[in-house]
Amino acid sequence: MPPESVAPPAVTDDDPGGRTVRRLVTVVALAAVLPALYLPGRVHDFFDLKIYMRAMRWWAAGNPLYDYAQPDRVQGELYFTYPPFSALLLRPFALIPLGAAIAIFTILTVLGVVATTRWLVRPVIARHGLPRVFVITVAVLLVLAVESTRETITFGQINMLLVVLILADLLFAVPQGRRWAGVGVGLATALKLFPGIFIVYLLVCRRWWAAAVASATAAAATLLAAAVAPNDSWRFWTHELWATDRVGRTDYTGNQSLFGLLSRFTAPDKPDRLIWLLLVAVVTGYGLWRAARAARVGDHLAGLTLTGLVGGLVSPITWTHHLYWFIPAVVVFADAALGTRPSTAPAPSSAAVPSTVDAPSAPAPTGDDLGRRRRLAVLAVATGAVIIYGVVTFYDWGVAPVNTDNPWQFLVRNTYVLLSLLLLVTLPARPSVPRPETSRPATEPEKLHQMDRGPE
C-alpha cells in the first residue's frame, strides 16, 4: 500500500508571534537610541527654565520684571522676553525649588508629546487599519527623538503647552463648530505672541466666530495681566516688544527664520528690512493661501501645519525648539503616501442601513498614483531624518558672527528655513471623509460660525 502523501503546510502571512517580536524589537531599538540623541543637549542644563525661575524670583522680590538680565556666551545677555500673561502663569514657580520646577516642566512636556502625537496619528491608524498601540508608541518615540522636542526638554521651554492649546483648538473645537472654538489659540497668543499667526489663519479660512473668540481671549488675558502688573505690562507693550536685541543675535544658526537666513549673509550688520518684508509678504500670502485651500477640502491638519511653517519663516526669531510643525508635516506626508485603504468588508445587504461614513472601495492605484505615493514617502522619510539629526545638536557654531560665504554653509546653516519653504510647496491636502451629521441642534454661536465660515 503506497504511503499517504502529506500536503505541505499552507504559506500564510498570519504570524502574530513574529509580528509581536518585530514590533518589540523596533520599540526597544528606538528607545535605546534616544539617550544618544539627548546626550549633547545635557549642556543646556535647562538654561531657559532657569532664566524663567530667576526672573520670577527677581520679580517677586519687587524688582521690575523686564530689568532682569543674565549673561550668555553666545547672545551676550538674555532677558525675560515673554508677555506679562506668561509671567502670571510662571510666578508661582518662584515659590518652589528649581529641581521641582524642572521635574514638572519635563513631565508636562512629555505628557504633551504623548497627547498631541496620539491626536495626530489616530486618524491615520483608523484610515489604514494600522496596529494602534504599536504605531502610537513608535510615533511618540520618534517625536521625542526630533531636535525641536529635545531642545524643548533640555532647555526647559514651554512650547508643548502652546502646541496642546493650538492643536486642541484647530483639530477639534474649530472643525466641530464649538462655541469655545478659538480659546486655545487666544490663550497661546497671549502667552507667546507667535501663535497669533493662527488667528490670521482662522480669518483667511472665514472662521469668523473662532477668530473673534481667539482675539477676545487674547485681549482678555492681556488685560488681566495689565490689571495685576500695570507697570510691567505698559513697559512690555510700549518698549520691550520692539527691542529685538533682547531676544538674542539674529545671525546665530539656531535662528531658523527668513530674517536669520538674511542676517547670516550680512553679519555682523543687520539685513535690509525692505528685502525681508518683501519675502515675508510673499511667503505669508502663498503659505496662508495654501493653508486656506487645505482647510476648505477638510484637511485641517495640513492647514494648521502650513500656517505653523509660515509663522516660523516670517518671525524675526525662530529658534529650533519653536519648529514643532515639521512633525505634523511628516504625518501628512505619511498618510498621503499610504493612499486610500481599499474596503475589505462584505457589501451590505439591501436591508442594511446605509452609512454616511463608509468610504467607497478605492480603485487599484495607477502607475502615476504609485509614483506620487513613492515621492510622498521619500519626503516623509527625508523630513523625519533631517529633523531628528537637526541643525544645532551636533555642531558648535561658536560665538562670533560669521558670514555664510559658500553653498555648503548656506545649506547647512539654513536647513530648517529651506525645508520649511520646500514643505510650503509640496505638502499635500487630503480631502476628508464625510462625517455623520449630529442630531444635536446647533446653538446660536454655532449657527453664526457655520454661516460665516464659508465652504468646506
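A search of the whole structure finds 17 aromatic pairs. Rings of Phe, Tyr and Trp (its six-membered ring) pair if their centres lie within 6.5 Å; planes under 30 degrees apart are stacked, over 60 edge-to-face, and the rest tilted. The rings of Phe 236 and Trp 237 stand edge-to-face, because their planes meet at 90°, with centres 4.9 Å apart. Tyr 324 and Trp 325 also form an edge-to-face pair, at 5.4 Å centre to centre and 90° between the planes.

This is a predicted model: local features need pLDDT of at least 70, side-chain atom pairs count only at pLDDT 80 or more, and totals for chains, interfaces and linings use all residues. Residues are numbered from 1 along each chain as its sequence is written, and side-chain values use heavy atoms, with hydrogens and water left out.

Burial comes next. Buried means under 20% relative accessible area, exposed over 50%, and partly exposed in between (1.4 Å probe, protein chains only). Phe 236 has 2% relative accessibility, so Phe 236 is buried. Trp 237 is partly exposed, at 32%. Tyr 324 and Trp 325 are both buried. Phe 236 and Trp 237 belong to one aromatic cluster with Tyr 52, Tyr 66, Phe 80 and Tyr 82.

Arginines also meet rings. A charge sits over a ring if NZ of Lys or CZ of Arg is within 6 Å of the ring centre and within 35 degrees of the ring normal. Arg 91 places its charged end over the ring of Trp 59, 4.7 Å from the centre. The charged end of Arg 23 sits over Phe 134, 5.6 Å from the ring centre.

Now the loops. Helices (H or I, at least four residues) and strands (E, at least two) are DSSP runs, numbered from the N terminus. Arg 430 lies in the loop between helix H18 (415-426) and helix H19 (444-452). Arg 430 is buried, because its relative accessibility is 15%. Its side chain makes a polar contact of 2.5 Å with the side chain of Asp 299, and one of 2.5 Å with that of Asp 335. A polar contact is a pair of N or O atoms within 3.5 Å; within protein, one must be able to donate a hydrogen and the other to accept it, and residues adjacent in sequence count only if both atoms are side-chain atoms.

Arg 206 sits in the loop between helix H9 (196-204) and helix H10 (208-228). Its phi is near 65°, a positive value in a residue other than glycine. A cis peptide bond joins Ala 267 and Pro 268, with omega about 10°.
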